[in-house]
Amino acid sequence: MSTAWIAADWPAPASVHAGTVLRNGDIAALQLPGKPCWLQQVHGANVVAAGDYEAPPQADAAVGRHASDVCVVRTADCLPVLFCSADGTRIAAAHAGWRGLAAGILEATIARLERDPGDLMAWLGPAISQTAYEVGGEVRDAFVEPDPGAAACFQLNERGRWQADLYALARRRLAAAGIGACYGGGLCTFSDSERFYSWRRNADSGRIVSFITFKSLENTGNGAISG
């Protein structure tokens with residue numbers, strides 16, 4: 001099994017272990033401290049506590065606070081957002097496509113972490129870039145109607161549609177929620193076919209897995225590669 005993965009590039013506490021497993025990697029090879037808490041992702045704003053469920057709960061984010069908690073989300077163009085507290089005792093992973101962002105998945109995750117937002121940090125994992133992400137006016141309206149400033153996250157293209165910047169939209173919502181420590185961004189799942197799956201490139205593709213858990217001496221970074 002391959003341990004190919006990208007480590008989250010952020011100043012997280014030493015107790016936090018986080019990143020994204022690439023398309024040729026296997027999360028099982030990372031020897032994480034517990035079972036991943038898989039979710040039935042539905043592009044909504046439901047958040048659950050990480051745990052060993054009989055069936056994946058219908059949710060788009062999980063939060064953890066126990067040594068064996070492994071929060072994971074699967075994506076193929078949508079934005080994975082990982083969170084941790086400054087003291088390294090709270091973690092979370094959120095699946096943020098445009099519908100989830102508009103529905104408030106990031107804000108709901110922050111609330112479930114039960115920490116002052118100023119004591120949290122976020123890492124934005126691989127997602128589709130603005131140049132590759134064309135959307136209709138209804139997507140732009142979902143963000144701009146409640147927040148006119150979000151118009152800066154969209155560019156009109158020659159077809160009369162919009163190029164949406166998921167990274168910028170997420171940063172804007174995180175900042176509004178009180179999180180100033182936001183890292184990551186800049187990777188494109190659509191253009192980097194060697195490392196990432198992309199639904200826009202191939203609707204039958206698999207999913208990359210972004211994870212966050214608590215670090216032990218056995219998983220201090222073996223196999224990580226540069227983003």
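# Close-up views of a predicted model

**Figure 1. Strands β9 and β13 pair in the parallel sense, over 4 bridges.** Two strands count as paired if DSSP finds at least two bridges between them; strands (E, at least two residues) and helices (H or I, at least four residues) are DSSP runs numbered from the N terminus. This is a predicted model, in which local features need pLDDT of at least 70 and side-chain atom pairs count only at pLDDT 80 or more, while totals for chains, interfaces and linings use all residues. Residues are numbered from 1 along each chain as its sequence is written, and side-chain values use heavy atoms, with hydrogens and water left out. Met121 of β9 has Ala181 of β13 as its bridge partner, and Met121 also stands opposite Cys84. Strand β9 (residues 120–124) is joined to strand β7 (residues 79–85) by 5 bridges in the antiparallel sense, with Leu82 facing Trp123 of β9. In β9, 5 of 5 residues are buried, where buried means under 20% relative accessible area, exposed over 50%, and partly exposed in between (1.4 Å probe, protein chains only). Side chains in a regular strand alternate between the two faces of the sheet.

**Figure 2. Thr109 and Tyr167 are buried residues of the helices α2 and α4.** Thr109 lies in α2 (residues 105–113) and has a relative accessible area of 0%. Beyond four places in sequence, Thr109 touches Val47, Ala61, Val63, Phe83, Ala92 and Ala94, contact meaning heavy atoms within 4.5 Å. Tyr167 belongs to α4 and is buried at 6% relative accessibility. Among the residues that Tyr167 touches beyond four places in sequence are Leu79, Leu124, Pro126 and Leu187. The C-alpha atoms of Tyr167 and Cys153, 14 residues apart in sequence, are 8.7 Å apart in space.

**Figure 3. An open sheet of 3 strands has the order β10-β12-β11 and antiparallel pairing.** The edges are β10 (134–135) and β11 (154–156), each with a single partner strand, so one side of each lacks a neighbour in the sheet. Between β11 and β12 (residues 162–164) there are 3 bridges, and Leu156 stands opposite Trp162 in β12. Helix α3 (residues 137–144) packs on this sheet, touching β10, β11 and β12, and makes an angle of about 140° with the direction of β11.

**Figure 4. The largest nonpolar core holds 46 residues.** A nonpolar core is a set of buried Ala, Val, Leu, Ile, Met, Phe, Trp, Tyr and Cys residues joined through side-chain atoms within 4.5 Å. Phe83, Leu106 and Phe154 touch the most other members, and helix α4 (residues 166–176) gives the most to this core, with 5 residues. The contacts of Leu106 beyond four places in sequence include Val81, Phe83, Ala170 and Leu174. A second, separate core of 20 residues includes Ala8, Val16, Val73 and Phe214.

**Figure 5. The structure holds 0 disulfides.** A disulfide is a pair of cysteine sulfur atoms within 2.5 Å. For Cys71, the nearest cysteine sulfur is that of Cys37, 6.7 Å away. Cys71 is buried, with a relative accessible area of 0%. Cys84 has the sulfur of Cys71 as its nearest, 11 Å away, and Cys84 is likewise buried at 0%.

**Figure 6. Residues 217–227 have pLDDT under 50.** The pLDDT is the predictor's confidence in each residue, from 0 to 100. Its mean for the protein is 93, and 93% of residues reach 70 or more. For residues 217–227, the model has 26 contacts beyond four places in sequence. Where pLDDT is low, predicted coordinates should not be read in detail.

Key: Axes are lines fitted to C-alpha atoms, for helices over the stretch in contact, and angles run from 0 to 180 degrees between N-to-C directions.
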